[in-house]
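This briefing sets out the computed features of one protein chain, grouped by topic.

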Amino acid sequence: MPGAPRWQITDSISYAPVGMPLAPSFGISYRYLSRAPGELAPNPQIQGGYNLFDLRAGVTIGPVGIAAFVENAGNVRGISQATTGIRGPQQFLVRPRMIGLTLDYKL
């Protein structure tokens, strides 16, 4: 089937030690998509064929939680969708490396 990779793997691991001050937490996630044709065509555009890693670390102080994250840590230029349009080949890429903070407040 076009657009359907033969292999798609997602794994994650997280660790949050109990009883430690600041209640730290850590996480890593991994995504793999194998290469696949993007459409039914004589010479289809190829999509997939990439590995992505995401990282996360955080702490909790009372009702407030703060976490730092990095999505697509390797800054991989993966093609998530590829088609041949009227204007020629079109490719949609995965989001480049993104670094950020999240802030949570629990009532």
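The protein chain contains zero helices and nine strands, where helices (H or I, at least four residues) and strands (E, at least two) are DSSP runs numbered from the N terminus. In sequence order the pattern reads β-β-β-β-β-β-β-β-β. The model is predicted: local features need pLDDT of at least 70, side-chain atom pairs count only at pLDDT 80 or more, and totals for chains, interfaces and linings use all residues. Residues are numbered from 1 along each chain as its sequence is written, and side-chain values use heavy atoms, with hydrogens and water left out.

**Overall dimensions**
- The radius of gyration, taken over C-alpha atoms, is 19 Å for the protein chain, whereas a compact globule of 107 residues would have one near 13 Å; the globule rule is 2.2 Å times the number of residues to the power 0.38.
- The C-alpha trace spans about 60 × 25 × 25 Å along its principal axes.

**Burial and contacts**
- Of the 107 residues, 25% are buried, that is, under 20% relative accessible area (1.4 Å probe, protein chains only).
- Contacts (heavy atoms within 4.5 Å) between residues at least 6 apart in sequence join residues at least 24 apart in 49% of cases.

**Charge**
- The protein chain carries 9 positive (Lys and Arg) and 5 negative (Asp and Glu) side chains; His and the chain ends are not counted.

**The β7–β8 pairing**
- Strands β7 (residues 79–85) and β8 (residues 88–93) run antiparallel and are joined by six bridges; pairing requires at least two DSSP bridges.
- These strands, β7 and β8, form a hairpin with two residues between them.
- T84 stands opposite P89 in β8.

Notes: Buried < 20%, exposed > 50% of the residue type's maximum accessible area, 1.4 Å probe, protein only. Charge placed at Lys NZ, Arg CZ, Asp CG, Glu CD.
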